[in-house]
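Me: I've got this one open on my screen and want to know what sits behind the labels. Can we go through them one at a time?
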Amino acid sequence: MNNILEIKNLYKNYQTKEKEYEVLNNINFKLKEGDFLAIVGPSGAGKSTILSIIANLENKTSGEIIKKDNLKIGYMLQDDSLMPFLNILDNCLLGLKIQKKYNKDNIKMVKNV
């Protein structure tokens with residue numbers, strides 16, 4: 001069975017005015033269809049950062065992310081991210097707009113989910 005997701009040598013650093021912080025250091029794993037993976041650790045360990053990078057919400061410092069071509073990834077953020085000035089539908093369509101995938105077919109799909 002082939003991998004649907006593989007993470008190789010993933011690193012993430014954050015830069016402040018005073019210092020650079022290494023949040024992820026050489027993260028590696030492979031997932032096959034049907035696998036279950038739990039990412040556990042204390043607050044600030046990088047769990048959400050890993051998910052944000054996999055979902056293309058955040059850039060990695062280095063490493064490789066290999067996804068099966070038709071793999072769709074989504075997850076619920078720790079904090080809600082609704083834009084109070086948008087209605088429910090427009091909040092749901094926001095990701096499509098950001099990814100420049102806002103078209104009639106995708107709008108129809110969101111309305112039918």
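Me: How many of the residues in the protein are buried, and what makes a residue buried?

Reply: Buried residues make up 19% of the 113 in the protein. The label means under 20% relative accessible area, with exposed being over 50% and partly exposed in between (1.4 Å probe, protein chains only). This is a predicted model, where local features need pLDDT of at least 70, side-chain atom pairs count only at pLDDT 80 or more, and totals for chains, interfaces and linings use all residues. Numbering starts from 1 along each chain as its sequence is written, and side-chain values use heavy atoms, leaving out hydrogens and water.

Me: Which residues of H1 are buried?

Reply: In H1, residues 47–54, they are Thr49, Ile50, Ser52, Ile53 and Ile54. Each falls under that cut-off, so each gets the label.

Me: What covers the buried residues of H1?

Reply: The cover includes strands E1 (3–15), E2 (20–32) and E3 (62–67). Contact, by the way, means heavy atoms within 4.5 Å. Across the protein, 46% of the contacts with a separation of 6 or more are between residues 24 or more positions apart.

Me: What follows H1?

Reply: Asn56, with a positive phi near 60°.

Technical notes
Helices (H or I, at least four residues) and strands (E, at least two) are DSSP runs, numbered from the N terminus.
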